[in-house]
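Here's a quick walk through a two-chain model, from the overall dimensions down to a few individual residues. Keep the viewer open as you read.

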Amino acid sequence: MRDEATFKVKAGLAEMLKGGVIMDVIDQEQARIAEAAGACAVMALERVPSDIRRDGGVARMSDPEMIQSIQEAVTIPVMAKARIGHFAEAQVLEALEVDYIDESEVLTPADEANHIDKWPFKVPFVCGATNLGEALRRIGEGAAMIRSKGEAGTGDIVEAVRHLRTINGEIKRLGGLSEAEIATAAKDHAAPLELVRAVAASGRLPVVMFCAGGIATPADASLVMQLGAEGVFVGSGIFKSADPEARAAAIVEATTHYEVPERVLRASEGLGAAMDSIESRKLEESELLSNRGW
Amino acid sequence: MPPSGAAGDQITVGVLALQGDFEAHGLVLSRLGARVREVRVPADLDGLDGLVLPGGESTTITLGIERERLADPLRAFHASGKPIFGTCAGLIMLDREHLGIIDIRAERNAFGRQVRSFEAPLEIGVDGGPVKAVFIRAPWIAEHGPSVEILAEVEGHGVAAREGAVLVVSFHPELGDDDRVHELFLQSVRDARAAAA
């Protein structure tokens, strides 16, 4: 009588991550630091986004051995990334029993037309989105969690803010629509009608939405939480900063107390230098990660 | 709106909101007529009639309790006789090895990683038949003292228990539309408040 891997169970794990910080880690030592600082999950990957940018070349799923070593080092959930459309990488990650798969634009896409059909998998998926239509297409394909994309590896929050405001603005505008207008909105968003109807009725996405891409400081975390994110992913922002232990704990604290400026202030003190950053407006079109996927 | 009673009759229930699915608990409690307050610092406990420790990551919540110096205030809240309800990570937080508020030892992630998470009907002694229990990287009760009553088991392991005014379950009644487990808790909150008056 036991039903494993139902959508409720997949989306339910994202509910358990809410109000928390998911940190990119590249080895056991970083994973332990992240866990000890209060991360609610870690993302195991060989190179953080800022290094992927710097190195160039094709970015693929991480070495399974490295992911396994991180699974052995911590008890919090371990996530890992597969390339967009690369369902065979996702199958490998499922065989590894990672807790969540991120079908991620940070890696080089494997399929320029199709995302992974996520329904057959027992492991839940999180996917990036820059607008409501993109979020609902991913959910229609089986994603159990959404993260706004931002522009990974830059330390620049502007794209994350744009994507969050876009998604939440589009949700708000569905609010007053009639049934006929909802059908038109579904067409305009290129999104499944049933999902558009559900969002119009509830005023929210049917799954948890985190924010990713460019978070570098406690105040960044507070900003995106106040804009409606339900938790944050921090990639390069922690382990590319001067004092990862302190910054990791500070971003956790600011995510919990995001509405209390005095607490965000206290969390922001004495952290040393933030990561080296890149202004995302100065990136060439071909250097952008957030326009990967559709 | 609450179904009945003047504001003075309404009970106020806190939900520990350091991390996890505290919002889902708040929605159920509000639906059942309770006033809900999110608890992040010790002062938030003042004047509450009952408290919920939600699901989430127990490591993260443990560190949050340390950072906010909430452990002693939570133990004092329990000592005052007010009901406490813990789900999943909340069950872990209340066990011997954490806050020591219920005489059990929880085994974390006892059913395995996320691919082993599941739903199953579970008889826990509430009217109306089994509840649809959602287990997510769930713990079970590995050991318990003599004053703990085990209310339900899966494969021989305790997944719901009560000791005095403390109720714990290793699944997530806050994630469905079946409010009976929360109703059971709220009844104990109302009873405790009536007894104290």
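This is a predicted model: local features need pLDDT of at least 70, side-chain atom pairs count only at pLDDT 80 or more; totals for chains, interfaces and linings use all residues.

Chain A has 13 helices and 9 strands, while chain B comes with 5 helices and 11 strands. The table puts the whole-chain values next to each other.

| Property | Chain A | Chain B |
|---|---|---|
| C-alpha span along principal axes | about 55 × 45 × 45 Å | about 45 × 40 × 30 Å |
| Residues counted as buried | 61% of 294 | 55% of 197 |
| Accessible surface | about 11,400 Å² | about 7,700 Å² |
| Carbon and sulfur part of that surface | 50% | 51% |

How does the radius of gyration of chain A sit against that of a compact globule? For 294 residues a compact globule would come out near 19 Å, and chain A has 18 Å, which agrees. Chain B has a radius of gyration of 16 Å, close to the 16 Å from the globule rule for 197 residues, so chain B is as compact as a globular protein of that length.

Now for contacts along the sequence. In chain A, take the contacts between residues at least 6 apart: 67% of them join residues at least 24 apart. For chain B, residues 24 or more positions apart make up 66% of the contacts with a separation of 6 or more.

On to charges. Chain A carries 31 positive and 46 negative charges, and their mean positions lie 4 Å apart. In chain B there are 19 positive and 29 negative charges, with mean positions 4 Å apart.

**Nonpolar cores**

The largest nonpolar core is made of 68 residues, and Leu93(A), Leu136(A) and Leu205(A) have the most contacts inside it. Helix H7 of chain A, residues 158-174, gives the most to this core, with 6 residues. A second, separate core of 35 residues includes Val13(B), Phe85(B), Phe118(B) and Leu122(B).

Leaving aside residues up to four places away in sequence, Leu205(A) touches Leu132(A), Ala135(A), Leu136(A), Ile139(A), Ile146(A), Ile171(A) and Val199(A).

**Strand E2 and Val21(A)**

Strand E2 of chain A runs over residues 21-25, and Val21(A) is part of it. Is Val21(A) buried or exposed? Val21(A) is buried, because its relative accessible area is 1%, and the cut-off for buried is under 20%.

Which residues does Val21(A) touch, not counting those up to four places away in sequence? They are Ala39(A), Cys40(A), Ala41(A), Val232(A), Val234(A), Ile251(A), Val252(A) and Thr255(A). As for Ala129(A), it sits 108 residues from Val21(A) in sequence and 18 Å from Val21(A) in space, C-alpha to C-alpha.

**Helix H1**

Helix H1 of chain A spans residues 7-17 and is mostly covered, with 9 of its 11 residues buried. Just after H1(A) comes Gly19(A), which takes a positive phi of about 70°.

Key: Residues are numbered from 1 along each chain as its sequence is written. Chains are lettered from A and ligands numbered from 1 in the order in which they are written. Side-chain values use heavy atoms; hydrogens and water are left out. Helices (H or I, at least four residues) and strands (E, at least two) are DSSP runs, numbered from the N terminus. The radius of gyration is taken over C-alpha atoms; the globule rule is 2.2 Å times the number of residues to the power 0.38. Buried means under 20% relative accessible area, exposed over 50%, partly exposed in between (1.4 Å probe, protein chains only). Contact means heavy atoms within 4.5 Å. Accessible areas come from the Shrake-Rupley method with a 1.4 Å probe; for residues, only the protein chains shown count as cover. Lys and Arg count as positive and Asp and Glu as negative; His and the chain ends are not counted. The place of a charge is taken as NZ of Lys, CZ of Arg, CG of Asp or CD of Glu. A nonpolar core is a set of buried Ala, Val, Leu, Ile, Met, Phe, Trp, Tyr and Cys residues joined through side-chain atoms within 4.5 Å.
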